[in-house]
Structures are given as structure tokens and as C-alpha cells.
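These are my notebook entries on one protein model. I set down what I looked up, in the order in which I looked.

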Amino acid sequence: YTMSKLVLILTQVDKPFASDAEQHSVQLLKRAGLTVEALCETDERVAELLPDASFLIIRSNKVPAEMIDRAPKLELIVRAGAGYDNVDLEHATSKNIYVMNTPGQNATAVAELVFSLIHSAVRPINGKSGTELKNKKFGILGFGNIGKQVAMIAKGYGMVVEVYDMFETSDTAMRHGVGFAESTVEVFRDKDYMSLHIPSTKETKGTVDRECLAAMSPGAVLVNTARVDVIDHEALVAHLQADPGFKYLSDVDQKTDILQSLMPNRQILIPPKKMGAQTFEANFNAACAAAQQVIDFMQKGITRFAVNNPVPPELKLYTDLATSLGRFSAAYVPKPREVQYTCYGALNAYHDTFVQYILKGLFEQGGHGKAMTPVEAVSLAEEHSIDIEMRNPDNRKGYGLAITLGFVDDDTRVEVRGTIVGREPEISRVNDFKTRIPLREAIYVLVETADHPGVEYQIAQNIVEAG
Ligand code: NAD
């Protein structure tokens with residue numbers, strides 16, 4: 001079922017993959033048994049192939065909701081790069097499609113560009129006098145893959161580096177030998193240079209506001225290789241006008257009329273196109289990482305670089321529970337003709353997702369013993385004409401967050417309930433037996449027997465004797 005899956009690699013007219021990068025990733029994918037088509041997004045064959053595509057590898061191309069709707073077999077979109085604001089994440093998530101990026105692959109390219117921009121602005125090769133970087137105060141907003149590389153280079157120049165990251169702690173900063181500010185505005189405070197490395201999300205829009213800009217030193221330099229909308233542009237223009245020594249350097253911004261009008265006095269530096277990731281190495285690494293991530297997802301269900309999750313992070317453990325319950329039940333009824341399931345409490349809102357994981361467990365145990373993706377499991381269930389029945393939970397029963405499944409075939413039926421206890425999946429009921437069985441990688445022997453003295457001992461004895 002994995003042999004003929006189609007991977008569509010879509011590039012842009014002005015942003016193809018380097019030919020080496022494309023060749024190598026196509027080779028990787030084909031060797032893994034996939035069919036691969038590499039097309040420019042404007043090619044008319046895209047419309048023809050989308051309905052059959054299971055995997056999509058893209059660059060900065062847009063993947064809107066209507067495109068996702070035209071690809072009903074889609075399981076995974078990999079953005080070969082760091083930012084993924086070009087994909088309609090919410091829509092993909094609602095269709096249970098994973099979205100991944102390839103973090104870190106272009107970090108060096110972007111970090112080095114930050115310093116190309118800075119040198120072009122403060123030390124252009126034009127025979128005139130410039131300024132040095134040593135001992136200048138350098139702030140970094142967003143201490144992820146790129147932020148860390150920028151910090152390393154800045155330290156090499158002898159700059160005094162301070163960072164801020166909403167999801168990091170001062171320990172991380174300390175390990176990298178840099179200071180950690182207390183808040184967004186504090187990382188701008190008194191800085192001669194400021195570099196932005198936060199993603200563009202609903203939460204980060206307009207992060208760099210009037211207050212942040214005013215906190216920098218007079219005549220400071222702001223570098224934006226993140227995204228255009230993380231800055232409040234009205235505040236930026238006002239600040240540029242108020243401080244004629246202030247400089248704004250960005251490969252992701254556009255030369256709007258108002259910014260253009262500030263170019264003659266060298267306050268603005270904006271290259272003709274986004275070029276942070278435009279190095280041979282970044283291009284090659286991102287293409288190969290994207291291909292490898294598709295293969296790992298298909299062969300082992302690895303979702304390490306997923307930027308979405310069809311269930312919220314706090315319920316993630318329950319997807320593992322669903323898979324384990326599916327596996328466990330399949331040991332009783334390996335070929336059910338009917339699968340019934342109930343998701344209790346907050347789990348019920350994501351029952352569509354949990355059933356995919358239940359089926360994944362069923363086929364991994366009862367089928368070829370081979371790992372598969374949740375989406376794959378659903379199509380396999382359709383192929384086998386398995387009836388799937390979702391039952392509404394009666395939350396008054398007080399099971400908390402739990403999943404019950406029933407696997408039924410012509411002459412057997414098993415009903416299993418499970419929950420999470422202390423982060424560990426556990427079975428709480430098997431048929432009529434209330435029990436507590438931790439679900440771990442192990443061999444289970446389940447015996448239903450009348451309760452006579454010595455029976456349990458005898459069974460254990462038999463197992464031991466059988467080696
Ligand atoms: P990353 O995910 O490794 O790092 C982003 C960091 O920002 C994370 O550590 C995260 O905790 C932090 N963060 C998120 N929201 C924050 C907030 N509100 N305040 C403070 N910190 C916050 O990503 P990365 O690889 O370092 O890339 C960063 C961004 O750079 C990408 O999202 C992309 O938009 C941009 N980028 C641009 C180019 C280019 O061509 N110019 C190329 C690659 C990436």
C-alpha cells in the first residue's frame with residue numbers, strides 16, 4: 001500500500017530547487033518506492049496530479065484551502081524551509097493532514113545574510129569610512145535555529161549579545177554564552193543592532209511596535225530576515241522619520257512607496273527579493289531533509305518536525321493510547337468487520353482523529369505488522385469494508401478522558417477501555433473485567449478463566465515451563 005504513492009514536488013518559477021538538490025531528493029524518494037513528480041507550480045499538470053498526491057513538498061509556494069480540497073489523498077505537506085505561513089495550517093489540520101517544515105537547514109544561510117546586510121549598510125566597500133561591530137550591543141528576538149547561529153557569529157565579532165525568546169529560558173541563553181532579556185521590549189533596550197528571528201503567526205503580528213523601536217539606541221540598525229508582518233509598519237516609518245540615523249535592513253520586506261522615499265539617505269536596504277535561504281548548501285539540505293521526512297513519515301509514522309497536530313498537545317498522549325488499544329484489540333479480533341468506538345470527555349471533539357489511530361493500531365498488529373500513517377489506515381479500513389461506528393459518550397459515567405473500543409467479527413467480540421494514568425497508557429477494562437493493565441512494549445498473555453484456587457499459578461507455571 002505504500003509502493004505507488006505519489007509525491008508532488010512543487011517549486012516556483014523564480015525559486016526552483018538547485019538541480020543537484022532536486023535530483024538527489026527525487027532519487028531518495030524513488031528508492032523508498034515512491035512515485036515522484038517534480039513540477040513548477042504553474043505547470044498545468046499540477047491540477048491533473050493533485051487528486052492523486054499523498055505527499056507535497058513545497059518551497060515558498062502558497063497552499064491555500066482550495067488547493068488542499070483538490071487533494072483528497074494528501075497526508076503530509078513538507079515545506080522545504082523554515083517559515084510555513086504559506087500553508088493554510090488550520091485547513092490542513094481540519095483535514096488531518098500533517099504539515100512539517102525542515103527547521104535548521106537554512107539557519108546558516110540566513111544568519112550569514114544578516115551580517116552581509118549589516119556590512120553593506122555600515123561598512124560598504126565604497127572607499128568611505130564605516131563603523132565597527134566590536135563591543136556594539138546586539139539584540140536577538142527569537143532564539144531558535146537562526147537566532148542561535150546569529151548569536152554565534154555576533155560573538156565572533158566581539159559584540160555584546162542579549163536575546164529574548166518567549167519559549168526559552170535564561171539557561172539556554174547561558175549555555176550559548178549570551179544574556180537573556182526579561183521581555184520583548186527589554187531585548188530592544190539600548191541596542192545598537194537588533195535582529196528578528198521569530199516566526200510569522202497570528203500571535204507575532206506587529207510584535208515590533210513603537211515601544212520596541214523607541215527602546216533602541218539612537219542611530220540603531222534593525223535587521224528583519226524573519227517576516228514582514230512581525231513589524232508594525234506604521235511605527236517603523238514613524239521611527240525612520242524621527243531618527244535619521246536609524247537603519248532598516250530586510251530581505252523579506254517590500255519597497256513600499258514610503259520606504260522607497262527613505263532610500264536616498266541610506267536608511268533602508270532591501271534587496272530585490274527574499275534571499276535568506278538562497279545558498280547552494282541551504283537549498284540542497286532543505287530539499288534532502290524534506291524528502292527524508294516524507295520517507296520517515298511513510299515508513300515509520302515519524303512526525304517529529306510536524307508544525308501542526310490534529311489534536312492539541314495536551315491530548316497527544318491519547319493518540320498513542322488509541323493506537324495501543326487498537327493493537328491490543330486486534331490481538332483478540334484481528335479481522336474485525338465492525339469497529340465501534342467512544343471517546344469520553346474532551347477527547348470526543350477529536351474523535352475523527354482518534355479513530356485513525358485506532359485503525360493504525362489494528363492494521364499494524366493484525367495486518368503486515370508494518371508501521372503506517374493514520375491516514376493510510378483509514379483508506380485500508382475502507383478497502384476492507386470495515387464498518388466504523390462512532391458512539392456518543394455518556395460523560396455522566398465519570399470515565400474522565402478515556403477511549404472504549406469494540407472489535408466485532410462473525411463469532412468474536414472484544415470491548416476494551418483505556419485511559420492515561422501518570423502519562424502512561426493503561427487498559428481499565430477488557431470485556432466484563434475491570435482491570436488495570438499498563439500498555440507497554442511487551443508480550444501479553446490474557447486468559448479468561450473461572451476463579452478456582454491455583455489456576456493462576458498453574459497458568460504461570462505452564463508459561464514458565466514453556467520457556
Ligand atoms: P525556529 O522555529 O527555530 O525559531 C523561532 C524561535 O522564535 C523559536 O525559538 C520560538 O520559541 C521563538 N518565538 C516564537 N514566537 C515568539 C515570540 N512571540 N517572542 C519571542 N520568541 C518567539 O525558526 P528559525 O529556523 O530560527 O526561523 C525563524 C523565522 O525566520 C522563520 O519562521 C521564517 O519566517 C524566517 N526565515 C526567513 C528566511 C529568509 O529567507 N529570510 C529563511 C528562513 C526562515
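Entry 1: a parallel sheet. Before looking at partners across strands, I noted that two strands pair if DSSP finds at least two bridges between them. I also noted that the model is a predicted one. I then looked up strand E6 (residues 137-141) and strand E7 (residues 160-164), which run parallel and are joined by 5 bridges. Within this pair, I found Gly139 opposite Glu162 in E7.

I next asked in which order the strands of this sheet lie. I read the order as E8-E7-E6-E9-E10-E11-E12, an open sheet of 7 strands with parallel pairing. At its edges I found strand E8 (179-180) and strand E12 (268-269), each of which pairs on one side only. I then looked for a helix on this sheet and found H5 (residues 107-122) packed on it. I recorded that H5 touches E6, strand E9 (193-196), strand E10 (221-224), strand E11 (247-250) and E12. The direction of H5 makes about 140 degrees with that of E11.

Entry 2: a mixed sheet. I found another open sheet, in which 6 strands follow the order E14-E13-E15-E16-E17-E18 with mixed pairing. Strand E14 (387-390) and E18 are the edge strands, and each pairs on one side only. I noted that the twist from one strand to the next averages 20 degrees.

I looked up two of the strand pairs in this sheet. Strand E15 (residues 402-408) and strand E16 (residues 413-421) run antiparallel and are joined by 7 bridges. Here I found Phe407 opposite Val414 in E16. Strand E17 (residues 424-430) and strand E18 (residues 433-438) are also paired in the antiparallel sense, over 4 bridges. Ile427 has Ile437 in E18 as its bridge partner. I then asked how many residues lie between E17 and E18 in their hairpin. I found 2 residues, and I noted that Asn431 in the turn has a positive phi of about 50 degrees.

For the helices, I recorded that H13 (residues 316-332) lies across E15, E16, E17 and E18 and runs at about 155 degrees to E16. Helix H14 (residues 351-366) packs on the sheet as well, touching strand E13 (338-343), E14 and E15. The direction of H14 makes about 135 degrees with that of E13.

Entry 3: the ligand. I asked which residues are closest to the ligand. Of the 25 residues that surround the ligand, I listed Asn145, Ile146, Asp165, Thr225 and Asp251 as the closest. By class, I found 12 nonpolar, 9 polar and 4 charged residues in the shell.

I then looked up individual contacts. A side-chain N or O atom of Asp165 lies 2.6 Å from an oxygen atom of the ligand. For Asp251, a side-chain N or O atom is 3.0 Å from a nitrogen atom of the ligand. Ala277 places a backbone N or O atom 3.4 Å from an oxygen atom of the ligand. Finally, I recorded that the ligand taken alone exposes 860 Å², of which the protein buries 88%.

Key: Residues numbered from 1 in each chain as written. Predicted model: local features only at pLDDT ≥ 70, side-chain atom pairs only at ≥ 80, totals over all residues. Heavy atoms only, no water. Near = heavy atom within 4 Å. Polar contact = N/O pair within 3.5 Å; in protein donor to acceptor, adjacent residues only side chain to side chain. Areas by Shrake-Rupley, 256 points an atom, 1.4 Å probe, with all protein chains shown as cover. Nonpolar A, V, L, I, M, F, W, Y, C, P; charged D, E, K, R; others polar. Axes fitted to C-alpha atoms, helices over the stretch in contact; angles between N-to-C directions. Contact = heavy atoms within 4.5 Å.
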